[in-house]
Amino acid sequence: VVLVLANGGALAIDNLVDGPAAIVEVFNPAVMGPRALAAQLFGDENRWGKLPVTMYPHEFINQKNMTDYDMALSPGRTYKYYDSTPGAALFSFGHGLSLTEFKLTCSDEAADTSTKVTCQVANVGEMDGDEVVLVYHKVSDEIREAADHPIPLKQLIDFERVGPVAKGAKAFQSFAFTYDDFELVNANGDKVLYDGEHTLVFSRGHGEEVELTYVVGH
């Protein structure tokens, strides 16, 4: 059984998670969406996406008033501030599976104030398919403690869809960043680059992640 959700926004589906073999969130699929969905479900295509929202557990309505839009106040809102403990979110922002399996590895070529990162996406499963590589930026605890304003747990700064990658094959995707991409917005609404450790997190939305850390100003 596959549960297909067609809705205008994220739902609390705690009581539905354990039943179906798979859950597909299609939001509002419009006219051509059902045809694309059928191609995916029957294996004619394997180009799944990633969740663009955090799916909170039902308990969230008791933790955060619907009219309270303070993003950073515990337990927080959106992937930037919501509890990052594994299992806290029902399904995390960026989550999304495939009909095959992938393995992600990344390496960098760092310069004084920039870096180029090349990621290898290896299809180690039994079916051709696409994968999406998500790139987040996060800062050290020292930067977080020194700042006089909320700082996201992490924030998405880039992403790329890679593929289709044939089963048993590998594909490569490059990303280029300067230290300006590590800037944060302060209490005055200005972008500021803080000295200290900044980390790029490369993710497929689930499974192991690759972290590369850079030191600014030292």
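Which residues line the largest cavity? They are His137, Lys138, Val139, Ile151, Pro152, Lys154, Gln155 and Leu184.

A quick word on the model: it is predicted, so local features need pLDDT of at least 70 and side-chain atom pairs count only at pLDDT 80 or more, while totals for chains, interfaces and linings use all residues. Residues are numbered from 1 along each chain as its sequence is written, and side-chain values use heavy atoms, with hydrogens and water left out.

Back to that cavity. Searching the whole structure turns up one cavity of 30 Å³ or more, and the largest cavity holds about 30 Å³ of space. Here, a cavity is a set of points on a 1 Å grid over the protein atoms alone where a 1.4 Å probe fits but cannot get out, and lining residues have an atom within 4 Å of a point. Strand β5 (residues 129-139) gives the largest share of the lining, three residues; strands are DSSP runs of E, at least two residues, numbered from the N terminus.

Now for the cysteines. There is one disulfide in the structure, meaning a pair of cysteine sulfur atoms within 2.5 Å. It joins Cys106 to Cys119, with S to S at 2.2 Å. The pair links distant parts of the chain, 13 residues apart. The torsion about the S-S bond of Cys106 and Cys119 is about 105°, so the disulfide is right-handed.

Notes:
1 Å grid on protein atoms, 1.4 Å probe; cavity = no way out; pocket = protein on both sides within 12 Å on 5 of 7 lines; lining within 4 Å. Points joined across faces, edges and corners; volume = space filled by probe spheres on them. Helix = DSSP H or I, 4+ residues; strand = E, 2+ residues; numbered from the N terminus.
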